[in-house]
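The exercises below ask you to read a protein model step by step, and each one is followed by a worked solution.

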Amino acid sequence: MPDIATLLPMIALLMAIGAFAGVIAGLLGVGGGIILVPAFFYTFSHLGYGGPEVMQVCLATSLSTIIVTSARSVMAHNKKGAVEWGVLRGWWPFIGAGAVAGMLVASSLRSTTLQIIFGVLALTAGLYMAFGKSHWRLGQTMPTGPKRAAIGAGVGFFSVLMGIGGGSFGVPTMSLYNIPIHRAVATAAGFGIIIAVPSVLGFLMVPIANPPPYTLGAVNLPAFALTIAMTVLTAPIGVKLAHTMDPAPLKRIFAVFISLVALNMLRKAAGF
């Protein structure tokens, strides 16, 4: 049983992480995973659990929170008729298969390698958020056949390697194929469930050496519970702020923030 001196700092840090992730998610409409993974990494490492498998714990725990947040998001969006259920029905087998493959790969890699992967992909997402244009298109309708299979598997695979839901890759993909942004955001929440459920089930069976307290497989239960509790409380604050502030400069600021987080992750992976 960990002592109070170990648990209290961990609880305090996890509550702060969940609160911040909730505000950002409500303010900018981005998934919390891209914030949670590096925040979990720095928290667990600071508390002395920065072993060679700590990134698996960060990815798995982030994905476990996405099951809950994505389900709530899909239900809310569905009430407004914004979810493209046809896209979900056509894409889920490929996204799910990619997520399972991502879990298998992630569970076999060391933390340093996963840090590099996260850093590169997060930097790419940050640059797209900063410089991407709403009028960019790859086609007028969502692809089918082998292209759909390849893109869907890629969305699932790379999302799991980053510990994120469907938003960071799913929303740009659907936008590039002419789905309106509000419907892309709503449908990407469904991608998040498809990505998170099979990958978390797999991560629950992954053994971790020197895990943080109360970790089941690779999922840290206190981090999961506290993050969900705090995001439920603080996401409405972010939503209210979003209605009083111009989101365009905020997204650029957040893109810079994510890029700096990514570069710092790459710096740590390089040993500097």
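A salt bridge is a side-chain nitrogen of Lys or Arg within 4 Å of a carboxyl oxygen of Asp or Glu. Keep in mind throughout that this is a predicted model.

**Exercise 1.** Find how many salt bridges the whole structure holds, and describe where the partners lie in the chain.

Solution. Side chains of opposite charge can pair when their charged atoms come close. A search of the whole structure gives 1 salt bridge, and in it the side chains of Arg 183 and Glu 84 meet at 2.7 Å, taken from N to O.

**Exercise 2.** Classify the aromatic pair of Phe 41 and Tyr 42, and then that of Tyr 128 and Trp 136.

Solution. A pair of aromatic rings is described by the distance of the centres and the angle of the planes. The structure holds 5 aromatic pairs. One of them is formed by Phe 41 and Tyr 42, with 5.5 Å from centre to centre and 70 degrees between the planes, and this pair is edge-to-face. Phe 41 counts as buried because its relative accessibility is 5%, while Tyr 42, at 27%, is partly exposed. For Tyr 128 and Trp 136 the centres are 6.2 Å apart and the planes stand at 65 degrees, so this pair is edge-to-face as well. Tyr 128 is partly exposed at 30% relative accessibility, and Trp 136 is partly exposed at 37%.

**Exercise 3.** Compare the length of helix H6 with its expected span, and determine what its buried residues pack against.

Solution. Helix H6 covers residues 145-162, which makes 18 residues, and from its first C-alpha to its last it reaches 26 Å, close to the 26 Å expected at 1.5 Å a residue. Among its buried residues are Gly 152, Gly 154, Gly 156 and Ser 159. The buried residues of H6 pack against helix H2 (33-46), H3, H4, helix H5 (111-131), helix H7 (167-176) and H8. After H6 comes Gly 163, which has a positive phi, near 70 degrees.

**Exercise 4.** Is Ser 70 buried or exposed, and which residues does Val 261 contact beyond its neighbours within four places in sequence?

Solution. Begin with Ser 70, which lies in helix H3 (residues 54-79). Its relative accessible area is 9%, and therefore Ser 70 is buried. Leaving out residues up to four places away in sequence, Ser 70 touches Ala 189, Gly 192 and Ile 193. Once neighbours within four places in sequence are set aside, Val 261 is in contact with Pro 38 and Tyr 42. Val 261 and Leu 123 are 138 residues apart in sequence, yet their C-alpha atoms are 8.3 Å apart in space.

Note on methods. Residues are numbered from 1 along each chain as its sequence is written. This is a predicted model: local features need pLDDT of at least 70, side-chain atom pairs count only at pLDDT 80 or more; totals for chains, interfaces and linings use all residues. Side-chain values use heavy atoms; hydrogens and water are left out. Helices (H or I, at least four residues) and strands (E, at least two) are DSSP runs, numbered from the N terminus. Buried means under 20% relative accessible area, exposed over 50%, partly exposed in between (1.4 Å probe, protein chains only). Contact means heavy atoms within 4.5 Å. Rings of Phe, Tyr and Trp (its six-membered ring) pair if their centres lie within 6.5 Å; planes under 30 degrees apart count as stacked, over 60 as edge-to-face and the rest as tilted. The expected span of a helix is 1.5 Å times one less than its number of residues.
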